[in-house]
Amino acid sequence: MHAYEGANLVITATASANPGPPSYWWRRGEETLKAETGELHLGRITRQHRGNYSVSAYNPRGAINASFSLDVQYGPESVQAAERVTVGEGGAATVECSATANPTPTLTWTKDAHMQNT
């Protein structure tokens, strides 16, 4: 499951039971999360919400479990590149650029108004 950083996220689990309704138990890794219903309200998503989650629906007759991973996506940041590179005529230059994001960003270079993606 993917979510965008900054979005408000509510995850819903549904189960049928007899006798019902079932109770729910939510976990992130080994941490038990507060949610007594089939809705887990995570609020504004941050990168710290990324991880493996599980939910159990149970009643006096049994339980059923489901698991999922939450991937938090965010835009490019920490862009690093040389501001200026000087090369003599006929010389070669290597210019490096990097940025962090999830998913990995596409870097675009511009020279004389012609764009090239890398």
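Biologist: Before anything else, what does "buried" mean here?
Modeller: A residue is called buried when its relative accessible area is under 20%, and it is called exposed when that value is over 50%, with partly exposed in between. Please keep in mind throughout that this is a predicted model.

Biologist: What about the overall dimensions, what box do the C-alpha atoms fill?
Modeller: Taken along the principal axes, the C-alpha atoms of the protein chain fill a box of roughly 80 × 25 × 20 Å. The radius of gyration of the protein chain is 24 Å, whereas a compact globule of 118 residues would have a value near 13 Å.

Biologist: Which residues have the most contacts inside the largest nonpolar core?
Modeller: That core has 17 residues, and those with the most contacts inside it are Leu-9, Ile-11, Trp-26, Leu-40, Leu-42, Tyr-53 and Leu-70. The elements that each give two or more residues to this core are strand S2 (8-12), strand S3 (23-28), strand S5 (39-44), strand S6 (51-59) and strand S7 (62-81).

Biologist: Staying with contacts, if I take those between residues at least 6 apart in sequence, what percentage join residues at least 24 apart?
Modeller: In the protein chain, 51% of those contacts join residues at least 24 apart.

Biologist: Switching to the backbone, which peptide bonds are cis?
Modeller: The bond from Asn-18 to Pro-19 is cis, with omega near 5°, and the bond from Gly-20 to Pro-21 is cis as well, with omega near -5°.

Biologist: Where do those two prolines sit?
Modeller: Pro-19 is in the loop between S2 and S3, and Pro-21 also lies in the loop between S2 and S3.

Biologist: What's up with the phi of Ser-78?
Modeller: Ser-78 has a positive phi of about 55°, although this residue is not a glycine, and it lies in strand S7.

Biologist: Is Ser-78 buried, exposed or partly exposed, and why?
Modeller: Ser-78 is partly exposed, because its relative accessible area is 47%, and the range for that label runs between 20% and 50%.

Methods:
Residues numbered from 1 in each chain as written. Predicted model: local features only at pLDDT ≥ 70, side-chain atom pairs only at ≥ 80, totals over all residues. Heavy atoms only, no water. Core = buried A, V, L, I, M, F, W, Y, C linked by side-chain atoms within 4.5 Å. Buried < 20%, exposed > 50% of the residue type's maximum accessible area, 1.4 Å probe, protein only. Helix = DSSP H or I, 4+ residues; strand = E, 2+ residues; numbered from the N terminus. Rg over C-alpha atoms; globule rule 2.2 N^0.38 Å. Contact = heavy atoms within 4.5 Å.
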